[in-house]
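Trainee: Please show me the structure, and I will ask about it piece by piece.

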Amino acid sequence: MTAGLSAHHQRLAQRKREAITAAATKLFLERGYDGTSLAKIAQEAVVSKSTLFKQFPTKAALFEAIVTEYWKSGPDPATPAPHPGDLRAGLSTIGRQYAGLIGRPAMAALFRIVIAELPRFPELGRAQFELGKLPYFISVQHYLEAEHAAGTAVVPEAESATNQFLGMIANYVLWPRMLLADWSPAPADVDHAVQEAVTTMFARYGHSAGDPQHS
């Protein structure tokens, strides 16, 4: 009985947390970060102020939670770095997962908040980078380093290669959405963009260490 109640309370708390982060994202977009109070967020989320403050004592803590949750969630929350051994398959997995993550309207909304408020609140940009983009970037970089170490790819500068790969995908999936409100490419088009990026990466890096081209 106690365990059942505990599980119920956890689910309830999670639903309230999701309502709070959704309300905060909406109000940050409509009113700006500075123009949105925690009290207004609690009202929008239909929770008490004490419930909100218990989970998020400051507005900065709430924004950091939004960043962390957005980058960890998505249509497919699978780990973005598969085991090395097949560069083309691994990059395809990473690319599809990344496209699904940054292609969500919620992710575009997060970027818009940061861009709009960056001059006055540079800490929002740091939070977005350090809690969101950077950990994801490092996980992909580690995957490419593992492929290099396994001899299934030649990636002497994994940081640069990661920038290239993620940049090719974001340039089609995310950045047009920043300027075009109706940008919503079909899944087949997104997949095509991912596979083009994979093909480009494989042509550049998908050779064994003994390949004369890389000796």
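This is a predicted model: local features need pLDDT of at least 70, side-chain atom pairs count only at pLDDT 80 or more; totals for chains, interfaces and linings use all residues.

Trainee: Is glutamine 141 buried or exposed?

Mentor: Glutamine 141 sits in helix H7, residues 122-150; helices are DSSP runs of H or I, at least four residues. Buried means under 20% relative accessible area, exposed over 50%, partly exposed in between, with a 1.4 Å probe and protein chains only. Because its relative accessibility is 15%, glutamine 141 counts as buried.

Trainee: Which residues is glutamine 141 in contact with, leaving aside neighbours within four places in sequence?

Mentor: Contact means heavy atoms within 4.5 Å. With those neighbours set aside, the partners of glutamine 141 are Ala158, Glu159 and Thr162.

Trainee: At what angle do H7 and helix H8 pack?

Mentor: Axes are lines fitted to C-alpha atoms, for helices over the stretch in contact, and angles run from 0 to 180 degrees between N-to-C directions. The axes of H7 and H8 (residues 158-173) are 9 Å apart, and the angle is about 115°.

Trainee: Which residues of H4 are buried?

Mentor: Helix H4 covers residues 59-72 and has 14 residues. By the cut-off already stated, its buried residues are Lys59, Leu62, Phe63, Ala65, Ile66, Val67, Tyr70 and Trp71.

Note on methods:
Residues are numbered from 1 along each chain as its sequence is written. Side-chain values use heavy atoms; hydrogens and water are left out. Helices (H or I, at least four residues) and strands (E, at least two) are DSSP runs, numbered from the N terminus. The expected span of a helix is 1.5 Å times one less than its number of residues.
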